Amino acid sequence: GTFCSPCIYEMPFLGELSREYKEDEVQFLGIVSDAVDYFGEEDPDAVVLAQDIEKETKADYTHIVPSLEVIQFLSDVTAVPTTFFLDSEGKVIGEAVVGAREKEAWKEIIDNLLSEAQ
């Protein structure tokens, strides 16, 4: 969310990791959780702010404005940032991670999931 300082704090780390893991076919996807309301109405100011944050943090991976289906998926999220890992078929793998992490902590989590997937 554009209001979430821990989210914004970790975005540069995630940007670096998205570039480093590109060869491993790991994709990062950010969801701008406050860009729409629970009825699916987009907030253009939040979208512009999210784009500014993305540029400022160099988090150049894909960011989306969530659809109603994604909003429903996120309805159980009680804190941000919350990170989910999905396999190539869109199934959640591992445990959701609540809270921001430093780059090396994310790297360890990702490497563990990749080793389990092999």
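Let's settle one term before the tour: a residue is buried when its relative accessible area is under 20%, exposed when it is over 50%, and partly exposed in between, using a 1.4 Å probe and protein chains only. By that rule Ser 18 is buried, with a relative accessible area of 12%. Ser 18 sits in helix H1, and we'll come back to it.

A word on what you're looking at. This is a predicted model, in which local features need pLDDT of at least 70 and side-chain atom pairs count only at pLDDT 80 or more, while totals for chains, interfaces and linings use all residues. Residues are numbered from 1 along each chain as its sequence is written, and side-chain values use heavy atoms, with hydrogens and water left out.

Start with the overall layout. The chain has 4 helices and 4 strands, taken as DSSP runs numbered from the N terminus (helices are H or I, at least four residues; strands are E, at least two). Walk along the sequence and the order is α-β-α-β-α-β-β-α. The radius of gyration is 14 Å, close to the 13 Å from the globule rule for 118 residues, so the chain is as compact as a globular protein of that length. That radius is taken over C-alpha atoms, and the rule is 2.2 Å times the number of residues to the power 0.38. Along its principal axes, the C-alpha trace spans about 40 × 30 × 25 Å.

Of the 118 residues, 31% are buried. The chain exposes about 8000 Å², and carbon and sulfur atoms supply 52% of that; the areas come from the Shrake-Rupley method with a 1.4 Å probe, and for residues only the protein chains shown count as cover. As for contacts (heavy atoms within 4.5 Å), take those between residues at least 6 apart in sequence: 63% of them join residues at least 24 apart.

Next, the core. In soluble globular proteins, nonpolar side chains tend to be buried together. Here the largest nonpolar core has 14 residues, and the members touching the most others are Leu 17, Tyr 21, Phe 28, Tyr 61, Phe 85, Trp 106 and Ile 110. A nonpolar core means a set of buried Ala, Val, Leu, Ile, Met, Phe, Trp, Tyr and Cys residues joined through side-chain atoms within 4.5 Å. Helix H1 (5–20) and helix H4 (103–117) are the elements that give two or more residues to this core.

Leaving aside neighbours within four places in sequence, Tyr 61 is in contact with Met 11, Leu 14, Gly 15, Ser 18, Phe 28, Leu 29, Gly 30 and Glu 54. Follow a few of those partners. Met 11 lies in helix H1 and is buried, at a relative accessible area of 10%. Back at Ser 18, the contacts beyond four places in sequence are Phe 28, Asp 60 and Tyr 61. Leu 29, in strand S1, is exposed, with a relative accessible area of 51%. Beyond four places in sequence, Leu 29 is in contact with Tyr 61, Thr 62 and Ile 64.

Over in helix H3 you'll find Ile 71, which counts as buried at 11% relative accessibility. Not counting residues up to four places away in sequence, Ile 71 touches Val 36, Asp 37, Tyr 38 and Pro 66. Its C-alpha atom is 25 Å from that of Lys 58, which is 13 residues away along the chain.

Most residues other than glycine have a negative phi, and most peptide bonds are trans. Lys 58 has a positive phi of about 60 degrees; this residue is in the loop between helix H2 (44–57) and strand S2 (62–64) and counts as exposed at 58% relative accessibility. Glu 25 also has a positive phi of about 60 degrees. It lies in the loop between H1 and strand S1 (29–31) and, at 73% relative accessibility, counts as exposed. A cis peptide bond joins Val 80 and Pro 81, with omega about 0 degrees, and Pro 81 lies in the loop between helix H3 (68–73) and strand S3 (82–86).
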